[in-house]
Structure formats: C-alpha cells, structure tokens
Amino acid sequence: MRRNKMVAIAGAAIGTALFFAVGLLPAVLYGGYAGLLLATGIFGAPLPGHIFARGLVAFGSLLGVLATSAVFAVAGAAAASGLGHLVATASESGREKVAEPHANPR
Amino acid sequence: MRFFLFPATLLLLAAGAAAASNRSCLACHTSPLFDAQAFAGSVHAKLECADCHRGFNFDLHRAAPPPPSAAEKAIAEKIGAKSTAPAAIAACGRCHESQMSDWTASVHGQWVREKRPAAGPTCLDCHGSAHAIVKQKDAATAGAAFAERCLKCHEDPALVNAAGLSAEAGPGYRDSVHGRLHALGSPKAPVCATCHGAHDIAAIASPDSLVHPSNKVKTCAECHKGATENFAATFTHHPLTQRSRPIPYWTMVFFSFLTSVVLTLLVVHVLLDFGSEVRRIVRQRRGLSPKEPHLPAGAPVSVQRFDRHQLVQHWLLIGSVLTLVITEWPLRGASISTSATLVAFFGGVHQAGVIHRVAAIVMGAAAVYHLGYLTVLAARRESIFGMVPTLSDVRNIYQNFSFFLGLRSERPKFARFAYHEKFDYWAVFWGVAIMFGTGLVRWFPVLFARWVPASIIEAAQIAHGDEATLAALALFVWHLYNVHLRPSVFPMSWTWLDGRIETHALKEEHALEYEKMFPDKHNGATGKEKETRP
C-alpha cells in the first residue's frame, strides 16, 4: 500500500471538518449522557450539584468530543489513503498501457 | 328496495338536521371559543352539539332530553370544578357504555367518584377534547400519544405530590427499554396501557391489576412468549437501590467507578505523552535531536509487523465495534434529540437492532478466529505469549512516566508489544467476553431467565451498557491516539492496512524488537526483507 502522508493529512482534515458539521452535537450530547450515567452510578440519583458530579458530566462530554473527532479524523485519513492508492494504481496501469508497443494490425 | 330506502332517507335527514342544528350553535361558538375546523375533522363531527350538551337543543321538533342518570349526575358534580361542561363529559358513557363501565370501576374512575386528595382523570384527560379527537393512523400512533398523556399526569410533580403517587413511574418508564423504544418512535414499543390496561386500569396493589404479582407473568407473556416469574421480575419502574436489588446496584457502582477511574488514567497518560511529543518536536526544531533515528545503510524502509490473519481479525473487530457503537448509543440515549435521526438512518430502531446483532456475531466470529489462530500458532510451537504482561512492563511504566515528567531523557526500550499495547489487547479480550456474554443475555432474556435469577439478568444488562461506554471511549480516545494521532504518527499509521511498520518507527517504538531483528546494526538488514531504502 502506498503511504502518502499529504493525502492522509488532507483526508484527516476533511474528516475533522465533517465531524464539526455533523458529529459535534451528538458527540457532546452522548458524551455528556455517558458522564451523567457514570456520575449517577457513583453519586446516586438525583445527581447532587457538587463539582465532582458536574465535573464527571463535563468530562464525559469532553471524551465524547475527543473520541468522535478521533474516529472521524482517522476514518478520513484512511479513506483518503485508500482513494489515493486506487487513483495512483489506476494512473500507473494507464501509463503502462500507453507505454506498451502497439501490435502491428497486419 | 323501498324497505332499504326508507331508513337511508331517515339517516340522511338526521345528518342534515344535525348539521343544521350545529350550525345554529356555531353561529356564536366561534374561534377561539370553539375550533369548528378541528371539530369537523374529529370522530364526533357527525354528532349534534346537543347530543352531549343536553338542554341546549334548539330543534323545536325534538322531544325534551331525558334527565341525567344518578351516576352521570355524581360524576358531573365531582368534576364540576375542573370542567366548564361536566355534564357533557359525564355523557360520554351514553355512547361508550362499555368503556364508561370499565372506567367507573377503574382506579381512575374511583378517584373521580370518591373523595381523594386530587381529582382523577376523566375521558378528556386521556383522549383530549371531545371536539378534536381524531382517528389515529394506527394502533401504534394512538398508543404513543396515550403514553405521553399518561406521563403528563404521572410526571407532574405537583399532581404526584398532591395525589401521593409514585414519582418513579415516569422516569422508570422513560429509562426502561420499553420507554426508549417509545422515544425512538418504535411502532412495537409497549406503552403504559400495554402493561397496565386502559379504561379498566387498576391500582398495582389490587389483584385486578395486570401488573399485580399474581398477573405480571401472564401480562409479560403477552409479548415475551414463555416469560417466567424470573423474567417478570427483571422489569420494574423502581430505581436501583442497595437494599432492593443489591447485585444490579453494586454492578452499576462497580462499572461506574471502573469506567471513571480507567478513563481518567488513560486521559492523563494521553496528555503526558502528548506533552513529551511536543517537547520532542521542539528539540528537533532546535536541532537538538535528529528527526528520525539513525538507521544503518541498506536497512529496509519497513518490516512486517502483523500477518494477514492478524490484519483480518483486526478489520473484523474495527467494523463490528464501530457498528455496535453507532447502533447502540441511540437506544441507550434515546431521550437525546439526535437519536431518532440516527436510528432513522438505519431504517428504524428495530432495523438498528438487527444490524447490532449481526455486528455482534461478526465480533464473536473475530474472537473465535483469534482463538483458533492462537491455537494454530501454539501447534506450530510459535510463541503466543508476546502479549502476556511481565515484570518488565511494570518497569517500563515507571520509566515511561519518568520520561513524561522529564526525569529521564529517553523513553524505555519496548519489546514487540509495549505495555499500552498489552493493555489494549487484554482490554479487548475482557471487553469481548463481557459484551458478548451480557449481549446474549440481552438478546435472549426469556431463555436466560429460566435458569438465571432476575438480579443476574439485570446486572448483565447494566454491565453491557457500562462496558460499552468504557470500551468505546477507551478505544476511540486512548487507542486511536496511541496508534494514529500522536504527533509523531499523525495522521495515521498504515500498519493496520498493510501489516508493515516503518523501520525507524520500529526502532523508536519497539527498540528491543528492532535489536532482535537487526542484531548487527552496522550491517543493517538481515537480508530477509525485500523492500529497501531508496
């Protein structure tokens, strides 16, 4: 597999942009919900208002954002690398065909 | 023929008369007092106003209405305070006799008739205004609408307090799998009336209640064929407490602590590692350290790290875990606004469930493949103990943290698998075992309830969700950072695609493995590798 770092970086950038477009809100909400469940498991329901309980919810939200953005970035890099590999392979095989001597029709 | 024409003509005349009579009323009772348009679209559109509102009949050719019955009078008096037309509400029973009879005997009817701390619900509280009741598209839509009406009262803190009702019914339902399916618009979602009954609803303590301990199994078995007492005991609106259900309670507490502590440690590790990477980059820019470690001439660009079997196992795991996560979270966080959109993407919540189960089977297949692979390696007398934690891992952790904190100038020399990779491996091992085991319990709860106590089934359900949180966040934050997003690797390591690691990365990250592969550093490659440096 061809390793083109620039193509992978471009893919990661597109993945991250896509994350901001469609993934940020769900990531914040699901992460916060995960934090809420953890805090409820530790401090009990209804959740007390102290800093540790609130901090755990915020921590969950932050992890949700980090986790989802990481997935989008790596998936973008992988998709771009795969696409780059396919394009490079196709263009190489095209060049090889052009370079091949034409058979004499007679 | 004439025999049929006569009653048909009478019906037409009656309908015409009703319309004419209603027109008289509607001349004055206009919007906003009365929504004539909504009434015209309602199931009661063909009725005369005076059919319910007796005593207001302007049709001179019609006889005087009969006086209300004693029961109607009693109901009208009781609900007088909360209605502008109590007699009209009490009149519902004239057409809906059987429902009125069921309601009168129900816990709701008793509250209306008897002296209670809060007024009970009448027909309109559940069905809405009689002037705007529309025919629902299907039973599922009707059920969903009714669930919200039940919850409107049973989640109203003022009413719950005044009436001395259980405050747990609403939140308990919303948090249950039934409530989550309802929130995601499932047409099969059981609503309040599915288990508790509708017009004939009885107090839970009453032996007539569908969810009274003597009837609960039968009620559950309506949907869950073969349900047992154990199974029925797994569903309750009551919150988890140490006293009521200790095993599920302590499972929840254990996983909450485990997840919080492990994720905190992993994030601290990531932050420290990131700091050390930034330091390294600064040193490189200042020319204080080389950009890449020195490799001997003729050393290959990359070397094989994983074989084809390992790559396939990893791909199966990636695909299945990602699918499991994105099909699971909308149901877990059903109350979150984006969940409905996400499940719609999968073709609905039940379709998402099918995809989730298929992904679980793929994950199980990957685990079996891996165990088979280890067995074949063992049969070939190849080492399968590379992932076993050793004392040197403990030493490496200490040395690496010293490096993070600037107490040591170099990273420790890692072998083929560093301690964080061993952690990933065993976390997945534990995770797959827990997720697959508890997932089977969630998939076949009725079957497991035949042999396993309700508390274990409930604990398995809790462990499934909580382990999913831990696994997803650990994999996507910690694993993706370590493997792909560290500044020295960013944006991606290609090893997971072609199984090869660049030789300079091998020397940096797995120095002991590098020294083992290239014992004579000055001579460079062993000659086994095909690829060479350009």
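This is a short chat about how two chains pack together in a predicted model.

Visitor: What kind of model is this, and how are things numbered?
Guide: It is a predicted model, where local features need pLDDT of at least 70, side-chain atom pairs count only at pLDDT 80 or more, and totals for chains, interfaces and linings use all residues. Residues are numbered from 1 along each chain as its sequence is written, while chains are lettered from A and ligands numbered from 1 in the order in which they are written.

Visitor: How do helix 1 of chain A and helix 17 of chain B cross?
Guide: Their axes come within 8 Å and cross at roughly 125 degrees; helix 17 of chain B covers residues 246–285. Axes are lines fitted to C-alpha atoms, for helices over the stretch in contact, and angles run from 0 to 180 degrees between N-to-C directions.

Visitor: What do you call that arrangement?
Guide: The two helices are therefore oblique to each other. Angles under 35 degrees count as roughly parallel, over 145 as roughly antiparallel, 65 to 115 as roughly perpendicular and the rest as oblique.

Visitor: Left-handed or right-handed?
Guide: The crossing of helix 1 of chain A and helix 17 of chain B is left-handed. That word applies if the near helix is turned anticlockwise from the far one by less than a right angle; clockwise is right-handed.

Visitor: Which residues make the contact?
Guide: From helix 1 of chain A, they are A:Leu38, A:Gly41 and A:Ile42. Helix 17 of chain B brings residues including B:Met252, B:Phe255 and B:Ser260. By class, this contact has six nonpolar, four polar and no charged residues.

Visitor: Now within chain B. How do helix 18 and helix 20 pack?
Guide: Helix 18 and helix 20 of chain B pack at an angle of about 155 degrees, with axes 8 Å apart. They are therefore roughly antiparallel to each other. Helix 18 of chain B passes helix 20 of chain B in a left-handed crossing. Their contact has 17 nonpolar, eight polar and one charged residues.

Visitor: What about helix 20 and helix 22 of chain B?
Guide: The axes of helix 20 (residues 349–379) and helix 22 (residues 419–443) of chain B come within 11 Å and cross at roughly 140 degrees. That makes helix 20 of chain B oblique to helix 22 of chain B. This crossing is left-handed.

Visitor: How many residues are in the largest nonpolar core?
Guide: It has 56 residues. A nonpolar core is a set of buried Ala, Val, Leu, Ile, Met, Phe, Trp, Tyr and Cys residues joined through C-beta atoms within 7 Å. The elements giving two or more residues include helix 2 of chain A and helix 24 of chain B. Helix 2 of chain A gives the largest share, 15 residues.

Visitor: What does B:Leu473 touch?
Guide: Leaving aside neighbours within four places in sequence, B:Leu473 is in contact with A:Leu63, A:Ala67 and B:Leu263.

Visitor: New topic. Is B:Ser98 buried or exposed?
Guide: B:Ser98 is exposed, with 10 other C-beta atoms within 10 Å. A residue is buried if 20 or more other C-beta atoms lie within 10 Å of its own, exposed if 12 or fewer, and partly exposed in between, with C-beta atoms placed from the backbone. B:Ser98 lies in helix 7 (residues 97–105) of chain B.

Visitor: And where is B:Ile456?
Guide: B:Ile456 is in helix 24 of chain B. B:Ile456 is partly exposed, with 18 other C-beta atoms within 10 Å.

Visitor: Last one. Which residues does a cis peptide bond join in chain A?
Guide: A:Ala45 and A:Pro46, with omega about -5 degrees. A:Pro46 lies in the loop between helix 1 and helix 2 of chain A. In chain B, a cis peptide bond joins B:Phe490 and B:Pro491, with omega about 5 degrees.

Definitions and conventions:
Helices (H or I, at least four residues) and strands (E, at least two) are DSSP runs, numbered from the N terminus. Two residues are in contact if their C-beta atoms, placed from the backbone, lie within 7 Å. Ala, Val, Leu, Ile, Met, Phe, Trp, Tyr, Cys and Pro count as nonpolar, Asp, Glu, Lys and Arg as charged, and the others, Gly among them, as polar.
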